[in-house]
Amino acid sequence: MKSLEELTKLRDAAIQKVDLRKERKGTRIVVGMATCGIAAGARAVMAALIDEVQKRGLKDVEITQTGCIGVCRLEPLIEVYKEGEDKVTYVDLTDEKARRIVAEHIVNGSIVKEYTIGAYE
Amino acid sequence: MEYYRAHVLVCGGTGCSSSGSATIEEMFKTALAEKGLDKEVQVVRTGCFGLCEAGPICIVYPEGSFYSHVKKEDVDRIVNEHLLKGRIVHDLLYVDKLEAHSDIETSITNVTFYKKQKRVVLKNCGVINPEKIEEYIAFDGYQALGKVLTQMTPEDVVNEVKKSGLRGRGGGGFPTGMKWEFAMKSQGDIKYVACNADEGDPGAFMDRSVLEGDPHAIIEAMAIAAYATGARKGYVYIRAEYPIAVKRLGIAIAQAKEYGLLGTDIFGTGFDFDVEIRLGAGAFVCGEETALIASIEGERGMPRPKPPFPAQKGIFGKPTVINNVETYSVIPQIILKGADWFRSFGTEKSPGTKVFALGGKINNTGLVEIPMGTTLREVIYDIGGGIPNGHEFKAVQTGGPSGGCLTKDHLDTPIDFDTLTALGSMMGSGGMIVVDDTNCMVDFARFFLDFTVDESCGKCVPCREGTKRMLEILEKITSGKGTLEDIDKLESLAHSVKDSALCGLGQTAPNPVLSTLRYFRDEYIAHVTDKKCPAGMCKDLLSVVILDGCIGCTACARVCPVGAISGEVKKQHVIDQTKCIKCGACIPKCPKQVIVKQ
Ligand SMILES: Cc1cc2nc3c(=O)[nH]c(=O)nc-3n(C[C@H](O)[C@H](O)[C@H](O)COP(=O)(O)O)c2cc1C
Ligand code: SF4
C-alpha cells in the first residue's frame, strides 16, 4: 500500500460486494420471483438488472427478490424504491426493457412511463 | 468484482461452530450450486453474532432475515423458498422470547436482543467475512491508519485517545491515552506494542469473538499504537485454546502484509511495522501483563512487582504498550470519528461501550454490547430475557474470579468501572454470570476460589498459602463442619491476602468471598449454625428423608447399600441419618415418590 488514495480506491471497489449489509439507503429494486414470475422470465430480467448495475458500477442500488405480488398476468414485474420517492412498478418486462430502466430511471432519474403498470392497464 | 444479489451470512464463531455451522455453510454452498444460484448468492462465514444460545445462526441479506437453530434439513428450504422464490421461511426465523405480540422477527435489527445494544466493538462481527481483507477495507478498514500516518503526529494520536477517555477493557480500566503517553515519552531505541488476547477469565469470550470476527481491527489499532509510541514491532499474545481466532488472525496478518499494510514504508510514509503471534502458555496468570511479558520473552509466565511498569520496562526490557483486544478494537473508530463521537456513548468517567459475556441462569446467553451506564436490569431482563424456568434472580457475578456479586438491590445501578468497584465487584474483562435461587452463594464463592487456587503461580506466600487456606475453610463450611469463628477467620484472611499479594490474581482472588460475605452472610450463617444450605445445593448438608405417605413396600430398604433404612412391612419406614451416605439410590425406587433430599 503506497498511498491513502490507493486504499480509498480499493475500498470503493470493495464496497460493492458488501453494500447489501450496510444500512439501507439509495435504490432498491425488487423482482417478483415467485413461480409465476420465474415462469414468465423473471430470471432473465434479474440477470439483466444485475449485469447492468454491475457494469455501471452503481453503488447504492440493491437488487432483491420477492414473492408473488398478486398480478401474475403482468409478470415479469419489478418494483423500484428510490430514496424519498414513491414506489414505481414496472410490468411485462424483458431483458432489454430492464436494461433501459436501469439507464433511464436508476441512473438518470426519469421514470420509463411506458413500462409502468399505469401505462399497461 | 462480482455482484451478488443476496448474501447468506453463516456464523463461524466458536459457539456456532460447535453447533455445526461449518456443515451448514457447506450445505448452503452445495444447495445453491445445485440450483444454479451460486453466481447470484454469496455464502459468507462471519464472526460471532452474539446470540450464541440460538446457534447455528444464519442471516440472509438484503432482507436481514434472522434464522436461528438452523438444522441440516432447513438449508434446502431456505434455499428453495427464500433464495430461489423470495419467500422468507417464517417458521425457521428466530422467535423473540421478549416480544410476545410479534412472535416472529424477520429482520435482525428488530430483535429485542439487539435493540438495546450499541455495537461499536462488534460493529463488523457478523457482518464481514473476517478472512477477506477486502471486506474489512470496504467498511473503512485501514483508513484510520492511513489518516494517522499521513495527517497526524504521534502527539496528535495520543491526545485524541486521551480526549476520548478510553479506559482499558482488560480489567484494570487504566486510561489508554495516558499509557500511550508514558510509552511515547519513555526513552529507548527499540519499543514494542503488545496485544493481550489471553482471555483467561472463565466465561468471558468477547476477545475471542473480536479476533474471530474482526481481526484486522486489532492489527490496524496496534499499528496506530506503534506509530504513536515509536514502536516498530508488535506481539499478539493469544490463548492457544482459541484455534479459530489464531487461524483467522494469522490469515489477517498475512493478507495485511500482502497489501503492504504491514511491513516497510506503509502508505509511503517510511513507517515500518510488523506483528507476530505468540501462543499463550495456558495459565490464567499469563494474562497479567508482567507475566505475559515474561512469557513472550520465553521465560516462565510469572508476574513481577510493578513499578517498573511495562511502559517503562516491558518486553526485553524495552518500553512496551500492552492493551487488551477490546481496547484496541475501538481505536480505529476513535481516530476516524473523533474522541467526541466516542464520548457520545457511556458515562463521563467511563465513555464508550462494553461487551459482556452473559451466562449462567439467563435466557439469552451470549455476547452483548451496551453503552456504559446501562443498568443491570436492562442487561438481565431486557437484553438477556430474564431468568429461565420461572426462577427468581438472586445475584450476578461480574468480573469472573476477580470480581464480586451484585444483588437484587443493585439492579438499577448503572454499570461502569467505578460503580462496580464501589460495590465490591469489578468490571474485569466483562464476564457476567447470573445466579438464581437454586444456587448456593457459599458454594459459588468456593467455585471461584477453587479456580484461583489452581491458577496461583505460587510465587508469593499470601496468594499461594492464603487462597488455599481460604478454600479449606469454605469447604469446611459447605460440608457442614464450619463454625461462626471460621467465618470471621475467612474474612480476616481474605483482607490480608487482598492487601499483600504480589499481583492482581492474588489481590482480587478474595473478592468473590468478600462480596458474598457482604451480601449473603445469612447463607454462611445458615450453613454453620443450622447446618442447612438454604438453596439446597450443598450435598453434605442435605439429608435424605422419607416423608409421610410411605406404604411400607420395602423397595427402598432393599437397595440401600449401607442398610440405613428400617421399618416393618406395610408401615412407615425411616432412614437412620447416622448411617445414610446420601447416595440417593432409594429415591427413584419409591413407588409413592415420598423419599426426598432436603
Ligand atoms: C491474573 C490476571 C489475569 C489477567 N488476564 C488478562 C487477560 O486475559 N486479558 C487482558 O486483556 N488482560 C488481563 N489482565 C490485565 C492485564 O494485566 C493488563 O492490565 C491489561 O492487559 C492491560 O490492557 P488494558 O489497559 O487495555 O486493559 C489480567 C490481570 C491479572 C492480574
Ligand atoms: S499473587 Fe498469586 S499469582 Fe500473583 S504472583 Fe503471587 S502467587 Fe503468583
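## Ligand 1 and its contacts

A backbone N or O atom of G170(B) sits 2.7 Å from an oxygen atom of ligand 1, a polar contact (a pair of N or O atoms within 3.5 Å). E199(B) also brings a backbone N or O atom to 2.9 Å from an oxygen atom of ligand 1. From N323(B) comes a polar side-chain atom, 2.8 Å from an oxygen atom of the ligand. Taken alone, ligand 1 exposes 610 Å², and the protein buries 88% of that (accessible areas by the Shrake-Rupley method with a 1.4 Å probe).

This is a predicted model, in which local features need pLDDT of at least 70 and side-chain atom pairs count only at pLDDT 80 or more, while totals for chains, interfaces and linings use all residues. Residues are numbered from 1 along each chain as its sequence is written, chains are lettered from A and ligands numbered from 1 in the order in which they are written, and side-chain values use heavy atoms, leaving out hydrogens and water.

## The shell around ligand 1

In total, 18 residues surround ligand 1, with G170(B), K179(B), N323(B), N324(B) and T327(B) the closest (a residue counts if one of its heavy atoms lies within 4 Å). By class, three are nonpolar, nine polar and six charged; Gly counts as polar.

The largest share, three residues, comes from β9(B). In chain B, β9 (320–324) and α21 (504–508) each supply at least two residues of this shell (DSSP runs: helices H or I of at least four residues, strands E of at least two).

## The shell around ligand 2

Turning to ligand 2, 13 residues surround it, and the closest are C457(B), K459(B), C460(B), C463(B) and C503(B). This shell has nine nonpolar, three polar and one charged residues; Cys counts as nonpolar and Lys as charged.

How values were computed
Polar contact = N/O pair within 3.5 Å; in protein donor to acceptor, adjacent residues only side chain to side chain.
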